[in-house]
Amino acid sequence: MRQKNQVELNLSPGAEGEARSAGAREPEARAAEVCLERPAVAGPSMEDVVESENLKAALAQVKRNKGAAGVDGMTVGELSAHLKEHWPAIRAQLLDGTYKPQPVRRVEIPKASGGLRPLGIPTVLDRLIQQAVMQVLQADWDRTFAETSFGFRPGRSAHRAVERAQAYIAAGHSIVVDIDLEKFFDRVNHDILMGLVAKRVADKRILKLIRAFLNAGVLEGGLVSPTEEGTPQGGPLSPLLSNLMLDVLDKELEKRGHRFVRYADDCAPRRREGGVM
C-alpha cells in the first residue's frame, strides 16, 4: 500500500511540467493537410493525458494486461519503481512535446487461420503513455463512430457483432459477402491517418506524440528499421487508430444503405436473396 501511495504521488502534477516550450506549438502533420477538410480547433489536450486519475487508470490497465518486455528489457513489475523515480521528468517531456518513444520489439505469433501474425511490442513505459492517450481520445471519439463497428470499443464485443449479424439474417439478408482487409494494420498510410486525427485533435503535442509512436521503428534481428506505414499491433493505441481510419469506410457503406458488421479489419455485408444489400 505504501508503494501504491508513492506512485500516486509521483503521478500528480509537478511545477517543472507546467510550462510549454515553443517547440510544442510548432505545426505537426503538415504532410497530412491534403486530406484535411477542417483541422480541429479544440479536443483533448496533453494536460488531459497526464492528469493523475487518467495516469493511474492507465497504469492499472497496463498491469492487468501484463505482457512481455520491450527493447529496454523493463518488465511490467518494474514499471512502478521506474515511475516513482522518473515520472516528473517524463511528464515534463510530454507537456513540452519532447518525449521520444523507443522502437518496438518485433515478435510473431501463430494465427488461428495459419501462418504468423507480426506484433510490435512497445516498452512498458510507452505502453503506459499509449494507454493514457488512448483513454482520453477514446472517451472523446467513440460516440462518433459508426454503430456497425464492434471491435476494440467499450461495451462492444465479438458476441455483440454476432447478434447484429443474426438480426440481419432474421430480417432476410441471407447472402453474405465476407471482406478482409489484407494486412490492414501493416499498410495504414501515416499521413492520411494523421490527417484524420488532426480533424479531432488541435493540441500539436498530442499530434506530434502519435506521429512519434507511428514512426518509432522496429527492432528485429538486432537492427532498428524505420516504420513508414502501418500501426504495429501490440500497442494500446493501434486499435483506436484503426477504428478511426476504418470509420471512413463504415460511414461510406452506411451512406450506400448496406447492412454490415465490422470487427477490426473483418467486415461481413449482407443482402437479401435476389435483392440489394
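Guide: Start with a term. A helix here is a DSSP run of H or I with at least four residues. The model is predicted. Ala139 is found in one such run, helix H5.

Visitor: What makes Ala139 count as buried or exposed?

Guide: Its relative accessible area. Exposed means over 50%. Ala139 has 58%, so Ala139 is exposed. The C-alpha atom of Ala139 is separated by 9.4 Å from that of Pro44, 95 residues apart along the chain.

Visitor: How do you know that the span of helix H10 agrees with its number of residues?

Guide: H10 covers residues 238-255, which is 18 residues. The expected span is 1.5 Å times one less than that number. That gives 26 Å, and the end C-alpha atoms are 26 Å apart, so the two agree.

Visitor: Where is the kink in H10 centred?

Guide: On Leu246, with an angle of about 35°. The bend is the angle between axes fitted to the seven residues ending there and the seven starting there. Leu246 is also among the buried residues of H10, as are Asp247 and Asp250. After H10 comes Gly257, with a positive phi near 80°.

Visitor: Which elements give two or more residues to the lining of the second largest pocket?

Guide: That pocket holds about 400 Å³ of space. Of its 17 lining residues, Asn65, Gln131, Gly235, Pro236 and Pro239 are the closest to its centre. The elements are helices H3, H5 and H10. H5 gives the most, four residues.

Visitor: What is the lining by class?

Guide: Eight nonpolar, seven polar and two charged residues. Gly counts as polar and Pro as nonpolar.

Conventions:
Residues numbered from 1 in each chain as written. Predicted model: local features only at pLDDT ≥ 70, side-chain atom pairs only at ≥ 80, totals over all residues. Heavy atoms only, no water. Buried < 20%, exposed > 50% of the residue type's maximum accessible area, 1.4 Å probe, protein only. 1 Å grid on protein atoms, 1.4 Å probe; cavity = no way out; pocket = protein on both sides within 12 Å on 5 of 7 lines; lining within 4 Å. Points joined across faces, edges and corners; volume = space filled by probe spheres on them.
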